[in-house]
Amino acid sequence: MMAARTQQADEDLMLRPPHHGITEVVISAGDSAGGQTGDSCTQKRGALRRTKFKEMLSRSLSSAMPSKNKSSPAKEYDAIHDDTMAPPTDRNMDNFPMSQVDMAHQATDHIYETERDGDSLEHLAEKYATLLCTLAAKTIELSFVTVFVALLGQILTRRAFIRKAKGVTLAEMTMRNWVIQPGSLLTYWEGIPYAAVTLLGILTLSATICSMFYTTASDAMVSPKLKYGDWESRELDGLVRASYANPFYIQTACTTPIDKVMDPNNSAPSCLDVQYSGQSYHNLLTFMSEWQAIHENGSSSIDYLGGRPNGKHNLFDNTTMVSSWIEQEFGKPEPAFAEHGRIINNVTLAMPHPGVYAAATDPRNDILQPDDLAGVGEYSIRASVVSPVVNVMCVNMARDELGPLVYTTWPQARTNFTEIPGQRIGADDWFNDVPPPTDDQWLNRTAVDDIFRWGPKYQRRPPVFQLYPINFNMITNTTVALSDSVYILAKSGFVDDFTLCELRSWVTSKCSTEFDVSGISGSYMRAHCEDPSDANSYAAGSGNNDTGSPPWPVSDWRNVAEQWRLSMDLNGGTQNNNASNARILANLVLRAPRLDPLLPSMSEALAVLASSTLVSSSLGSTYRMAWTYEALEDAGDAALSGQLRPGVYEPFRVAVRTQQYTSSHTSAWHAVFYPVLGAVFLVNLACLVYLVFFRAGLVTDYTEPQNLFAVAVNSPPSRALAGSCGHGPDVREMVVPWRVGYSAAANHYFFEQAGESRRKEKKPRPDTMQSEASGSDLLEAHPHGRYRNSYKRLSGGRTWL
């Protein structure tokens, strides 16, 4: 009884407007009687959810099947239908599919834009962290220098007061300059060999090095800086709102200010058309630009998929998605030609799951974004999620082999001539002559049934086309009953054969999604596939029990691809419009059973062109192989089948490596700065202990310039420094010991020589006579007074400050 009702419904829906099919090939399609055919199939299709477009009710029986759809191994799903709205009775040329779908836009519902709690405090701390650390390091450096110079002055001054001590030399007094002015070690080095060999000299030289490098050491070892941590295994939560390739949800994701009030039927479809055409052509041109460089170079010998350019896609204009060729063993034309005797161009393209982007930027998962780290942060994710896949298989067929699939060759076909001499095209309602699907109706048999898996053996119907396309044109068929595929028939001008391509899509467990984010170099997302050592692939790392499920093609994707092909008018061959996209693709048809090292194949180009549908189909979709949320769907609204509102968070396993601010070194060689930091602490501690516990109270520091000048100018002349007032003390005079004397009668402190010079010269130097002379002798007009002119010049000058 159910079979009879279904058959009657199929016949009713076969009625078409008189002008239907002028610009598109539409094949009548429908379910088998009561779903009995689906039950008798040896292989059940549709591991994921299947939905139908209401617009397809006016064009295709395949989109109005009232039977159950085997879309999940756990449960069957009801087909989408709407009893309150009748299918359109007419179709204008500017109408688009999906015209009856609810187009409630959710433009403001971007979870990745949610602000983090406490953002202002975090940003404030991170923004000024380096500045505050540098300021603290400089303060410690200055205080260290001040304390050590004070300690040095106290030690030397106390030694100068002690009568039994050996006194203090000028070389030792200059040690304070080493710490204050490290450059003096190079500009005035004469005293270094005598002062640096003492215990106090070694300590001062060490303090000098520490003061020179402390700020650098602090910046390298203490200042907060971004550093990658180790790989961490954890779970991320991704918001799931729809099954894979759910056409109803995809419409709501296309943002446009033109709502259903302004344009009730076409606002969302027209938005998708612009999105698909823009993204698809951009992907194709990017792909072709890579091949242009290879073609112009002319030296490439890469004829295997793994070494050839792959497709790329821009996600949200800030993330580059890089695809991967998978199942490469089927991509070699040579074995297929040896087996079937014809050229078969079969490629499969996997894209990374774009939902990883949404999960990574969701505040729920607490991953620091580059904007949280002054725009320079980075992180990497290796996600164990499924990857969307598109398979394109193009087969070269002779004209007579293609005849059973072209309506104009059928007996009693109703045809008309076109403007091309000798070309015939089916009547406007030619599809009414195509037998509807039944339990034993699988249309004509062809020579390629086993390649495309058509006929009763495989329970799949082949496509039927309205005409043979002329050279550099192509036509499409997207409405084969019970099909999950889109078909494109193209004709190249370089070979006599026609090329029939089949496009299908599914999700695969063979890949992991790699997501690398950098505030400097941008974001990249890659599909890492078929690597036996990849512990993060969905099959190896997800921990789900559906990893062994076969990747059944998703029938919903055909509806998505229908909108995609409309956006670029891939069916223009029915009007012989000589479209540029058809000409480009037709030029890439394989002419020999091998991949051309200097040109992409038609299958490769089609896969890249269709990759935009994989991204739109995956945004907001599940991260798993199967759709298991049917119990949470809104059963009261058929348009929401396969959707969740507001959605559920689905966990998936990832390996994450993030950058965070750390107070540590980022390179191994930075460890050389540890002694600097440790020495400053120990010297500061020693200064504190000495000043507090060993030498209570402070004495006047006679190494300070002002104190030294006051005592020196009031001290009696000394023959040990005679003549040094003109050119400064020489090496011998630098090592003369001095002590502080005291006259009780005059209550006066002065410097006096404590002993002979510690440097014994074997031979007098030329300046010895200068040192032995008095200061006034240097001003006399004889060779020993050569500084007289300099003194007159300097003393007669004028000061400007």
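My entries on the sheet and the disulfides follow.

**Ground rules.** I am working with a predicted model, where local features need pLDDT of at least 70, side-chain atom pairs count only at pLDDT 80 or more, and totals for chains, interfaces and linings use all residues. Residues are numbered from 1 along each chain as its sequence is written, and side-chain values use heavy atoms, with hydrogens and water left out.

**Entry 1, the sheet.** I looked up the strand order and found an open sheet of six strands, E5-E6-E8-E13-E12-E11, with antiparallel pairing. Strands E5 (324-326) and E11 (473-477) are the edges, each pairing on one side only. On average, neighbouring strands of this sheet are turned by 25 degrees against each other, direction ignored. For my own bookkeeping: strands (E, at least two residues) and helices (H or I, at least four) are DSSP runs numbered from the N terminus, and two strands pair if DSSP finds at least two bridges between them.

**Entry 2, E8 and E13.** I then checked how strand E8 (residues 387-397) meets strand E13 (residues 498-508): they pair in the antiparallel sense over 11 bridges. Asn 396 has Thr 499 in E13 as its bridge partner. Helix H18 (residues 602-609) packs on the sheet, touching E5, E6, E8, E12 and E13 (contact is heavy atoms within 4.5 Å). The direction of H18 makes about 145 degrees with that of E8; axes are lines fitted to C-alpha atoms, for helices over the stretch in contact, and angles run from 0 to 180 degrees between N-to-C directions.

**Entry 3, disulfides.** How many disulfides does a search of the whole structure find? I get three, taking a disulfide as a pair of cysteine sulfur atoms within 2.5 Å. In sequence order of the bonded cysteines, the pairing is 1-2, 3-4, 5-6.

- Cys 254 and Cys 271 are joined with S to S 1.8 Å, and -85 degrees about the S-S bond makes this link left-handed.
- Cys 394 and Cys 501 have their sulfur atoms 2.0 Å apart. Their S-S torsion is about 110 degrees, so this disulfide is right-handed. Cys 394 lies in E8 and Cys 501 in E13, so the pair ties together parts 107 residues apart in sequence.
- Cys 511 and Cys 529 are joined at 2.0 Å, and with 110 degrees the link is right-handed. Cys 511 sits in strand E14 and Cys 529 in strand E15, 18 residues apart.

Buried means under 20% relative accessible area, exposed over 50%, partly exposed in between (1.4 Å probe, protein chains only). Cys 394 and Cys 501 are both buried. Cys 511 is buried at 0%, and Cys 529 is buried at 14%.
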